[in-house]
Amino acid sequence: MPIMGLTGNYAVAHAVRLARVQVVAAYPITPQTTIVEKISEMVEKGEMNARVIRVESEHSALAAVFGAASGGARAFTATASHGLLYMYEVTWWAAGARVPLVMAVVTRAIGPPWNIHVDHQDIMTLRDTGWIVSMAQENQEVLDLTIQAFRISEDPRVYLPMVVGLDGFILSHTRAPVDVPEQEVVDEFLPPRRQPYVISPETNLVMGNIAPDDIHFLMRYSMSEAMEAAKKVIEEVDREWAKLTGRRYGGLVECYKCEDADYIAITTGSWSGDAKKAADMLREEGYNYGVLRLRFIRPWPTEKIAMAVEGKKGVIVFDRAVSMGATGPIFADVAHTLYGSNISLMGVIAGLAGVDMKARDFAEAMRMFSSRVEEEGRVYEPRFWLLPRRYRGRPERVKEVAKRWS
Amino acid sequence: MVVNIRKLPDRYYIMPGNAACPGCPETMGLRYIKMALGDNVVLVIPAGCSSVIQGIAPRSGINFPILNIVFAAAASAASGLKAAFEAQGKDVHVVVWAGDGGTGDIGFQALSGAAERDEDIIYICVDNEAYMNTGIQRSSLTPYGAWTTTTWTGKKEHKKNIPYILISHGVKYVATASVGYPTDFIEKLQRAAKIRGFRYIHLLAPCPIGWRFDPGLTAKVAQLAVQTGLFPLYEYINGVFRLSPIAKKYKDPKKRKPVIEYLKLQGRYKHLLNKPDEVKKIEEYIENLWHLIDALEKTFTAEGGKGEAIYRSL
Ligand SMILES: Cc1ncc(C[n+]2csc(CCOP(=O)(O)OP(=O)(O)O)c2C)c(N)n1
Ligand code: SF4
Ligand SMILES: [Mg+2]
């Protein structure tokens, strides 16, 4: 299998080619744009047999691939940030229709002010929609997840659309060696498209007209059950992909040095690599850290998280997004997962708006958390703002900026 | 091409028990689509009366395969659906059936995009001149003076001319039609079906509920709109503009019926019937509209009878 130097976005494009996607529609937005550029190039060069619909907006992009998927084609779109918000209405319609579909979300902050840099505020808006939401840590995983996404979404136990999240610039525009599988390998892994129904003259079906409220209620229930079923499918797919390629990620979560750890840091996305480095640093200082990286935000890996943190002294959650007036979104879900345990828990909000988080920044928060736990006993701190480095410990400067900019 | 409506199939396209109001123009239009195009059709329907008319799932009161879609996305969902059929080597008519709001307002961006891309779909705007599904609010296609629940003293702006805007997109086919003239509409559908690329039909659909007239008068009101010159019927095919034969004579103002005959049948115009200034504004609108028609006729001609040849060949 050839190793290629690929950006995360090109890894997506190659995965889409290998998955034999038939219809692509997307609208340019940084940092997503190079995905649709690359796909267009591959199609025009004859390396890929698909129709690219150059739509006039993201709302239309998702509507078009949803239409294509409803008509029986394997379809793909990609977006980021404002583009995702613009297509938000259609994300709900597509999930509710139970039509398999795959989208890449290249994570990016939401304005104002205009900002093209990474955070997770955009992708986190998908939590309630019924999309399966995954996050990659590096480019190889981006490619693998994108191929797997079609298999997961098209599994009859699931039939839900799936998002592959990759962090803007950190992955999307950074080249790394990627093992690109041969077409035969992907063909063996990915069966021909399956879907619950097809809209066509032969089937004469109607999708989406008014239904009795109790039926609609049960449709929502069945989506929730499908999300539960997806957990098993995700694990299966992880194992099967490993058989074919030797690469295995752990399914819903990846655990780094969790077994002997006293403390667990929970993260998602590319910055998990920095969190792992921080864990190693803290181990040298005597705080035994492990990192639980969430590969999936939906379905929420309840059981896996509960298992990984069982018997630990504390859990620190790093969110790259915030639910205003509440906490970080991942923290909120971790907190309900740990209901009833008296484990120490801290939610850290950091890295918003593309503010860089280095291993030492993670280490700073983790060290502070562990030392508090060891001194005070049980700590519960749901919303700790890890400010940009030069504002830490300087409340008067923070106040000044807030006054000038709000 | 001449259509004999009695010889067209018309079996169970619109079922008893569908949820339309009596005298509904949308069910009339839907029936004509299948009479014209047969069974090889898939409808894409955004929010609007026709989402409700279908009735309650898992059944449907309209015998079509239908992809219902969010309000603003009919043209784009149809583009994708068509692409899926093409990818599978299936030749299917993908037909959008959208209201005036879904076409000229919220769905306009998607419509314009699909038209510019020359998507191989037939887009029909069923124009009842307001948001009927949500209870008769004005749209950009509501005409001057009409009462709606958001224009209690009459709308202050004229109707947006969507077919003209579509001609400006340079698409292959644009036509206007009225549910009062089914044969004309069916002929236009059949001609459109023979063309590849983006096709747009603007269907006037007088709504007894929103326009406040007797439900037995739908066809009559739809005819009067044409006969008063308010709604010219025409076709534009591959760069050639032609007034439709049944409506040609209304080019001559003397042959038109007085617009008041049309207005007085409709409760939505009640407040301006005895305001001559207001009626005059509507008459002026008609004059201007026909200036535009005249200009289109003169602009989009084909020399040496080629224009007629194009029409005859379809
Ligand atoms: C995004 C969105 N905004 C508003 C609505 C509410 N809504 C449903 S139908 C409709 C009006 C439809 O008007 P039109 O397109 O003219 O169709 P008609 O009902 O007149 O046939 C509105 C405003 C909606 N469904 N979706
Ligand atoms: S309100 Fe008008 S368009 Fe809507 S269903 Fe009733 S008659 Fe038909
Ligand atoms: Mg309307």
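This is a predicted model: local features need pLDDT of at least 70, side-chain atom pairs count only at pLDDT 80 or more; totals for chains, interfaces and linings use all residues.
An open sheet of nine strands with mixed pairing runs in the order E9(A)-E2(B)-E1(B)-E3(B)-E4(B)-E6(B)-E5(B)-E7(B)-E8(B). Strand E9 (206-207) of chain A and strand E8 (240-243) of chain B stand at the edges, each with a single partner strand, so one side of each is left without a neighbour in the sheet. The partner of E9(A) is strand E2 (residues 66-68) of chain B, and the two pair in the parallel sense over two bridges. Within this pairing, A:Val206 stands opposite B:Ile66.

Helix H7 (residues 182-193) of chain B packs on the sheet, where its contacts include E5(B), and its direction makes about 165 degrees with that of this strand. Helix H11 (residues 276-299) of chain B lies across E7 and E8 of chain B, at about 135 degrees to E8(B).

The shell around ligand 2 includes B:Cys21, B:Cys24, B:Cys49 and B:Cys207. Helices H1 (25-37), H2 (49-53) and H8 (208-211) of chain B each supply at least two residues of this shell. By class, the shell has nine nonpolar residues, one polar and one charged.

The structure holds five cavities of 30 Å³ or more. Two of them are set out below.

| Cavity | Volume | Lining by class |
|---|---|---|
| Largest | about 150 Å³ | eight nonpolar, three polar, two charged residues |

H11(B) gives the most to the lining of the largest cavity, with three residues. B:Tyr285 and B:Phe231 are among the lining residues closest to the centre of that cavity, and both also line the second largest cavity.

Notes. Residues are numbered from 1 along each chain as its sequence is written. Chains are lettered from A and ligands numbered from 1 in the order in which they are written. Side-chain values use heavy atoms; hydrogens and water are left out. Two strands pair if DSSP finds at least two bridges between them. Helices (H or I, at least four residues) and strands (E, at least two) are DSSP runs, numbered from the N terminus. Contact means heavy atoms within 4.5 Å. Axes are lines fitted to C-alpha atoms, for helices over the stretch in contact, and angles run from 0 to 180 degrees between N-to-C directions. A residue is near a molecule or strand if one of its heavy atoms lies within 4 Å of it. Ala, Val, Leu, Ile, Met, Phe, Trp, Tyr, Cys and Pro count as nonpolar, Asp, Glu, Lys and Arg as charged, and the others, Gly among them, as polar. On a 1 Å grid over the protein atoms alone, a cavity is a set of points where a 1.4 Å probe fits but cannot get out, and a pocket is an open set with protein on both sides within 12 Å along at least five of seven lines; lining residues have an atom within 4 Å of a point. Grid points are joined across faces, edges and corners, and a volume is the space filled by probe spheres set on the points.
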